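Subject: Structure for you to look at

Hello,

Here is the structure I promised. Please open it and keep it beside this note as you read.

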Amino acid sequence: LPREQKIVMLSKEGIENCDSMLAQGGICVMRDEEDFEPYFEDTMKAGHYENRKESVEIMIRSSREIIDHLVELGVQFDRNPDGSLNYTREGAHSRPRICFHKDITGKEITSVLQKRVKELPNVRVLEYPAMTDILVSDGKCAGMSARTAQGDTLYIHAADTVMATGGIGGLYEHSTNYPCLTGDALAVAKKHGVKLEHLDYVQIHPTKLYSKKPTSLYSDKPGRSFLISESARGEGAVLLNGRGERFVNELLPRDVVSKAIMEEMEKEGSRHVWLSFEPVGEEEIRSHFPNIYKKCLEEGYDITREPIPVVPAQHYFMGGIHVDHESKTSMNRLYAVGETSCNGVHGKNRLASNSLLESMVFAERAAVQIKELLPDTDWEQIMDGSPVDEAKYKDLKGLQQHYKDVVLQEIEAEKKRH
């Protein structure tokens, strides 16, 4: 976006509390022109061919430019001894095409991007205000209202508004997401008649760490679960049942592997299955998966010597606010990007390591569109944004619970329609 443009970013909690920080495996890239067809087919097949083909092509064709830009900004991807990018493979990929930084790729990318954003004099980041509504003028989005942690109401009038509120893991008892991600944008969009799409397309990740410790973050108690990256299976880790037997091809799409695990658990009457890193090797574990190794040690498991208990958990949301290829919603001057949007890239089930790429490709396209429309902005109309009844936002907890209920009801309604 133009440097002379004033930009305000709202974060419901601290800006570090976002799921992009948690992404372990990596970010996909089309390695060369010969990789286009296999990458396209892998994405479509994982999505049960319900993807929007044009969106998939846009993402894949834009991938190298995104990776090059991230490197320019300072992202440190793992490299081979000759300096070239090192690629790993994950489930449902026909070849290695995933750039990574150890097993904390999301943290590496997001930390660099946040650092760069903080250096921009035209950007103001506000932490802890929670969005309560959007402002509307003559059918166009004219900004947003929010409630601060101190109980004050903010009215932010803007030529263009972008919703990037993440997934819906906070609606579920067990999820790999931050609990604050509760689909607020979906409820606000529905309230204003903004088109939603495929709200029942919720992905279950096959392998979250399971723990019997009652004080553990990763036990049966509600809250965020620690994910065991799919790249572990891409590098050779295998799933075992209680008898130490493999029961599924670990590199099948996530929904297929999750279903196989649940069926095996039901067959055995168990609470989890096992993931063995033995085929990966200790050197690769310590260099490629240091964070997973450390977290498992904290739970009493040494993945260089023994398998770990894993179980499926809610992970990703393929549905969301319907957007076009420029991330425009059905309301003029309102955009949605990332997991809260649905541009059709993922179809019914997301291919591993497409999420970071998809979010950046279509966020960039939104920025280009916004820049093109700026000369046509009617600021008088924007400042006349719809009057807001402040009283109904005073009970923020009540409002957020209402939004949660709305989203859950819509998800169930969508399931019935399908």
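Contact here means heavy atoms within 4.5 Å. Helices and strands are DSSP runs, numbered from the N terminus. Please bear in mind that this is a predicted model.

**Helix α4 and its cover**

Start with helix α4, residues 184-191. Six of its eight residues are buried, so the helix is mostly covered. The buried ones are Asp184, Ala185, Leu186, Ala187, Val188 and Ala189. What covers them? The cover includes strands β6 (130-137), β9 (161-163), β11 (196-197), β16 and β17 (320-322). Helix α11 (396-417) is also part of that cover. Just after α4 comes Gly193, with a positive phi of about 75°.

**Ile168**

Ile168 sits in the loop between β9 and β10 (174-175). Is Ile168 buried or exposed? Its relative accessible area is 0%, so Ile168 is buried. Beyond its neighbours within four places in sequence, Ile168 is in contact with Asn177, Leu181, Gly183, Leu186, Val202, Gln314, Phe317 and Ile411. Leu186 is one of the buried residues of α4. Phe317 is 149 residues away from Ile168 along the chain, yet their C-alpha atoms are separated by 6.8 Å.

**Nonpolar cores**

The largest nonpolar core holds 32 residues. Within it, Ile27 and Phe77 touch the most other members. Several elements each supply at least two residues of this core: β2 (27-28), α1 (36-46), α2 (53-73), β4 (98-99), α3 (105-118) and α9 (355-373). Which of them gives the most? That is α2, with seven residues. There is also a second, separate core of 27 residues. It includes Met144, Leu171, Ala187 and Val406. Ala187 is also one of the buried residues of α4.

Ser63 lies in helix α2. Its relative accessibility is 1%, so Ser63 counts as buried. The Ser63 side chain reaches the backbone oxygen of Ile60 at 2.7 Å. Leaving aside neighbours within four places in sequence, Ser63 is in contact with Cys28, Val29, Met30 and Leu357.

Gln369 is found in helix α9. At 13% relative accessibility, Gln369 counts as buried too, because the cut-off is under 20%. Not counting residues up to four places away in sequence, Gln369 touches Glu326, Lys328 and Tyr335. Gln369 and Tyr335 are 34 residues apart in sequence. In space they are 9.9 Å apart, C-alpha to C-alpha.

**Arg254**

Here is a buried arginine to check. Arg254 lies in helix α6 (residues 254-268). It counts as buried because its relative accessibility is 6%. Which side chain makes a polar contact with that of Arg254? It is the side chain of Gln203, at 2.9 Å.

**The cavity**

Rolling a probe the size of a water molecule over the atoms shows where empty space is left. How many cavities of 30 Å³ or more are there? The count comes to one. The largest cavity holds about 60 Å³ of space. It is lined by 13 residues. Met318, Ser341, Cys342, Asn343 and His346 lie nearest its centre. Strands β16 (308-317) and β19 (341-342) each supply at least two residues of the lining. By type, the lining has five nonpolar, six polar and two charged residues.

**Two backbone angles to look at**

Tyr128 is in the loop between β5 (123-127) and β6. Its phi is near 85°, a positive value in a residue other than glycine. Tyr128 has a relative accessible area of 45%, so it is partly exposed.

His198 is in the loop between β11 and β12 (202-209). Phi of His198 is near 50°, again positive in a residue other than glycine. With a relative accessible area of 21%, His198 is partly exposed.

Best wishes

Notes: Residues numbered from 1 in each chain as written. Predicted model: local features only at pLDDT ≥ 70, side-chain atom pairs only at ≥ 80, totals over all residues. Heavy atoms only, no water. 1 Å grid on protein atoms, 1.4 Å probe; cavity = no way out; pocket = protein on both sides within 12 Å on 5 of 7 lines; lining within 4 Å. Points joined across faces, edges and corners; volume = space filled by probe spheres on them. Helix = DSSP H or I, 4+ residues; strand = E, 2+ residues; numbered from the N terminus. Nonpolar A, V, L, I, M, F, W, Y, C, P; charged D, E, K, R; others polar. Core = buried A, V, L, I, M, F, W, Y, C linked by side-chain atoms within 4.5 Å. Buried < 20%, exposed > 50% of the residue type's maximum accessible area, 1.4 Å probe, protein only. Polar contact = N/O pair within 3.5 Å; in protein donor to acceptor, adjacent residues only side chain to side chain.
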